[in-house]
Amino acid sequence: MYKNFFRYLISAIFLLGFSVNSNADFKVGFVYVGPTGDHGWTFQHHEGRNAVEAAGIKTTFVESVPEGADAERVIRQLAQSGHDLIFTTSFGYMDPTNKVAKDFPNVKFEHATGYKREHPNVSTYSARFYEGRTLLGHIAGKMTKTNTIGYIASFPIPEVIRGINAMTLAAQKVNPNIKTKIVWVFTWYDPGKEAEAAQALIDQGADVIMQHTDSTAPVQTAEKAGVWSFGQASDMQRFAPKSILTSIIDDWAPYYVERAIAARDGKWNQQDTWHGLKEGMVAMGPYNSAMGADLVKEVEQLQKDLASGKVHSFTGPIYDQKGNILVAEGKVADDGMLAGMSVYVKGVEGDIPK
Amino acid sequence: MSLDISFIGILIGSIMASSVPLILAASGELITERSGVLNLGVEGMMIIGAISGFALMVITDNLFIAIVGSMFSGVIISLIFGFLTQSLLTNHVATGLALTIFGIGLSAMLGKNFVGIPGKEFPILFSSLRESIPFFGPILFGHSIVLYFAFALPFLTNYFLKKTKLGLVVRAVGDSPVSASNQGINVIIVRYCCILYGGAMCGLAGAYLSLIYTPQWIENMTAGRGWIALALVVFATWSPIKVLIGALIFGGITILQLHMQAIGFRIPVQFLSALPYLMTIIVLVVISRDSRKIKLNTPTSLGRIFYKEK
């Protein structure tokens with residue numbers, strides 16, 4: 001409670017600084033949910049912003065903006081202070097972004113990982129992280145000795161559930177005895193809590209740890225305990241050189257540069273972008289040699305097939321936990337279903353928090 | 001996994017490790033508050049301690065210097081608070097809040113070059129005993145020296161406040177600075193010392209996070225633990241031993257609820273997440289019902305500005 005208050009206060013003080021100097025220059029604004037130094041999610045968005053800046057376009061950013069009402073004020077402030085294009089880089093900014101977009105029809109908005117485009121000046125973009133999760137699931141299924149995969153989840157939104165499902169399906173394919181244990185931490189970023197969650201999963205028998213949170217604490221905990229882990233959002237290898245098998249890397253830079261230039265040159269239009277391994281928005285970190293040459297080769301082939309579309313992460317038959325069919329044999333899940341995913345597939349333990 | 005006896009030992013060991021920053025920060029703040037000063041800057045002092053400790057470790061490659069340096073940085077930043085509130089007589093609450101905001105911002109700035117550097121392994125004591133003795137091994141052994149210090153601290157604090165003359169002075173200053181001053185005690189100096197001591201302990205609590213618990217520097221890594229420590233002091237009604245109990249309950253339930261999730265208990269996760277806060281408050285309120293004792297422990301002049309008329 002206090003924490004959010006302070007984040008807002010800091011944001012507000014920060015915003016005072018540039019609310020006065022609005023001018024005619026083309027400017028791009030970024031709103032981040034975490035600190036730029038998280039070495040995960042926000043760090044990668046910030047790398048994207050650096051690329052935009054390197055392309056000769058002026059940018060500003062506001063970090064650690066809590067999702068919800070405070071976000072709206074920050075976005076509105078950016079729009080008011082002469083920014084022409086605003087990237088809002090967290091799922092929880094979805095409604096605030098659309099609300100502000102309505103009042104500023106001349107400002108372009110780009111919202112990450114959401115699905116609402118209520119006004120012509122709002123685009124959405126996301127990456128098909130689940131393709132990366134499929135690769136992790138394949139590796140995890142092969143590497144686990146205890147047949148238990150530990151998964152640190154943040155919030156029960158489709159993005160996170162999709163990742164859990166994609167990973168479980170791929171792991172089941174190579175190891176039918178696999179069990180996925182999930183711990184919800186209800187935060188994107190709290191190194192201490194993430195470490196504790198990883199430790200709890202390890203104590204409960206998981207020998208592969210996966211995270212959908214943003215800090216490097218879980219991989220370090222895994223390294224200490226001598227179990228396997230995967231990096232999230234950016235290459236975390238140096239934090240746990242022995243433990244990390246690979247990382248899912250988000251590469252926003254090409255997209256940000258492309259969209260910023262389009263907006264500057266008046267060629268921006270509304271779109272819904274969902275890029276994956278094919279376009280390079282999702283990339284994989286180096287594979288750990290502990291996997292063995294055969295498995296590395298196998299995974300590299302799977303990565304190619306996912307990129308080319310030969311293999312899809314959600315290929316039927318897929319059942320939910322109760323055994324009802326979700327995707328029929330021979331079919332693949334369409335994007336609409338993926339975007340709204342809200343049930344676990346068979347083999348995942350526990351219930352989704354409501 | 002079964003809940004066998006050796007597993008419970010490991011569990012208790014990790015609960016103890018997770019409550020260390022709370023015990024350190026809360027014990028430090030307790031002394032500050034018993035002297036009548038309300039310092040809401042705990043979070044800010046902790047985060048400064050975290051970055052200074054980590055930076056010194058990277059620069060000097062010496063963990064001893066890093067630990068001592070983190071305490072020293074806590075002293076320095078609390079000195080700002082002390083100067084403002086004791087010498088310039090500013091409002092405690094506002095100054096403390098400013099200190100937290102300042103600390104978070106400053107640590108982010110100082111830490112820019114230290115993001116992404118892996119930490120160093122901190123030596124643990126008696127690691128062979130940890131493995132060889134079932135149940136008691138993981139509880140009593142295989143921890144860092146800071147943990148042993150943290151668990152001794154509440155008892156030392158209790159002894160200091162109740163049995164020593166200096167402790168009496170601190171309490172007198174916190175209860176009635178005017179009478180203390182009339183007795184010839186230099187209230188301002190005593191309060192300065194208590195503020196600086198609180199700063200040192202908060203700095204150490206931060207360094208525990210960045211050097212031992214999750215050895216790395218990332219912005220905002222204290223993630224609100226300073227505020228929990230502050231709340232613990234109040235709910236423990238300024239009793240060091242109850243601070244220890246509260247910190248253990250908070251750490252314990254935080255970890256237990258993660259385990260319950262991993263085991264697959266069918267209890268709503270949101271409820272489990274709220275449980276640490278809820279249980280800590282309930283337990284501390286229940287064990288602190290004795291209003292006579294509360295009166296005895298509460299620093300009556302907490303947060304009030306004191307100045308000597310000349």
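**A tour from a helix crossing to a sheet**

Begin with α1 (5-34) and α12 (240-263) of chain B, whose crossing is right-handed, meaning that the near helix is turned clockwise from the far one by less than a right angle. Helices here are DSSP runs of H or I with at least four residues, and strands are runs of E with at least two, numbered from the N terminus. This is a predicted model, in which local features need pLDDT of at least 70 and side-chain atom pairs count only at pLDDT 80 or more, while totals for chains, interfaces and linings use all residues. Residues are numbered from 1 along each chain as its sequence is written, and chains are lettered from A in the order in which they are written.

The axes of α1(B) and α12(B) come within 8 Å and cross at roughly 145 degrees, with axes fitted to C-alpha atoms over the stretch in contact and angles running from 0 to 180 degrees between N-to-C directions. Select L22(B) and L248(B), which are among the residues making this contact; two residues are in contact if their C-beta atoms, placed from the backbone, lie within 7 Å.

Next, show both chains: 39 residues of chain B are in contact with 36 residues of chain A, and on the chain B side α12(B) gives the most, with seven residues.

Finally, turn to chain A, where six strands form an open parallel sheet in the order β2-β1-β3-β4-β5-β11, strands being paired if DSSP finds at least two bridges between them. Its edge strands are β2 (58-62) and β11 (272-275), and within β11(A) the residue T273(A) is the bridge partner of Y125(A).
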